[in-house]
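My entries follow the display.

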Amino acid sequence: MIEGKLVNLRAQEVTDLDRLYAWINDREVTRFLSMRYQVSYAAEEAWVRDRASRAIAFGDVHFAIETKGGVHIGAISFHQASPEDRRARLGVMIGDKAYWSKGYGTDAMVTFLRFAFEEMNLHRVDLTVDAENERAIACYRKCGFVEEVRLRRARYGRGRYGDQLIMGILRDEFSALWGMGA
């Protein structure tokens with residue numbers, strides 16, 4: 001388990017399935033995620049069972065986010081990890097809406113970034129975010145991410161095109177802001 005101030009990051013378990021299924025099919029939760037289509041229970045179960053059956057490794061880092069009290073509230077992971085370039089693309093979801101805008105997402109991000117830079121030896125982490133997702137952008141900026149690219153009208157949803165941002169953080173930027181372990 002990887003410990004933060006408000007959350008712990010742990011391996012995803014099959015027992016997380018019902019919550020993940022509910023969140024991934026909640027249009028409010030997935031509004032700003034790349035999830036466009038509803039997911040069947042069977043498909044989500046297969047995905048969760050596959051993740052839970054494999055050991056976490058460099059190219060396959062998926063954690064559940066849970067509160068210090070043991071409440072599973074979301075997920076955080078890396079996609080497109082490159083060992084040669086020492087970089088990865090981050091994805092995060094606080095699925096339990098009762099925990100939105102209360103610092104849990106920020107703590108999960110900082111905890112995950114600390115793991116990325118100190119344990120995985122990454123040099124760079126980036127992510128994509130819809131330009132209108134102000135809550136997420138504020139969280140990412142607080143964590144030290146900076147806007148690097150604006151992809152104009154890159155994502156279609158809810159009947160219109162919107163911009164997406166690529167935001168990134170480098171190891172030395174994270175260390176300057178949050179410090180690194182000895």
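**Basis.** I worked from a predicted model, in which local features need pLDDT of at least 70, side-chain atom pairs count only at pLDDT 80 or more, and totals for chains, interfaces and linings use all residues. Residues are numbered from 1 along each chain as its sequence is written, and side-chain values use heavy atoms, with hydrogens and water left out.

**Whole chain.** I counted six helices and eight strands in the protein chain; these are DSSP runs numbered from the N terminus, helices being H or I of at least four residues and strands E of at least two. Along the sequence I read the order as β-β-α-α-α-β-β-β-α-β-α-β-β-α. The radius of gyration is 16 Å, close to the 16 Å that the globule rule gives for 182 residues, so the chain is as compact as a globular protein of that length. This radius is taken over C-alpha atoms, and the rule is 2.2 Å times the number of residues to the power 0.38. I noted a span of about 45 × 40 × 35 Å for the C-alpha trace along its principal axes.

Buried residues account for 46% of the 182 residues (buried is under 20% relative accessible area, exposed over 50%, partly exposed in between, with a 1.4 Å probe and protein chains only). Of the contacts between residues at least 6 apart in sequence, 62% join residues at least 24 apart; contact means heavy atoms within 4.5 Å.

**Helix 1 and helix 3.** I looked up helix 1 (residues 17–24) against helix 3 and found an angle of about 125 degrees, with the axes 10 Å apart. Axes are lines fitted to C-alpha atoms, for helices over the stretch in contact, and angles run from 0 to 180 degrees between N-to-C directions. The two helices are therefore oblique to each other (under 35 degrees is roughly parallel, over 145 roughly antiparallel, 65 to 115 roughly perpendicular, the rest oblique). The crossing is right-handed, that is, the near helix is turned clockwise from the far one by less than a right angle, anticlockwise being left-handed. Helix 1 contributes Leu17, Asp18, Leu20, Tyr21 and Ile24 to the contact, and helix 3 contributes Tyr41, Glu44, Glu45 and Val48.

**Helix 4 and helix 6.** For helix 4 (residues 104–118) and helix 6 (residues 171–178) I recorded an angle of about 125 degrees and axes 11 Å apart. That makes helix 4 oblique to helix 6. Their crossing is left-handed. The contact is made by Val110, Leu113, Arg114 and Phe117 of helix 4 with Arg171, Phe174 and Trp178 of helix 6.

**Single residues.** Is Thr30 buried or exposed? I found Thr30 buried, at a relative accessible area of 5%; it lies in helix 2 (residues 27–30). Beyond its neighbours within four places in sequence, Thr30 is in contact with Trp23, Ile24 and Met35.

Gln38 sits in the loop between helix 2 and helix 3 (41–53). Its C-alpha atom is separated by 5.5 Å from that of Asn25, 13 residues apart along the chain.

Most residues other than glycine have a negative phi. I noted a positive phi of about 55 degrees for Gln80, which is in strand 4 (residues 72–82) and is exposed at 52% relative accessibility. Ser101 has a positive phi near 60 degrees, lies in the loop between strand 5 (87–94) and helix 4, and is exposed at 63%.
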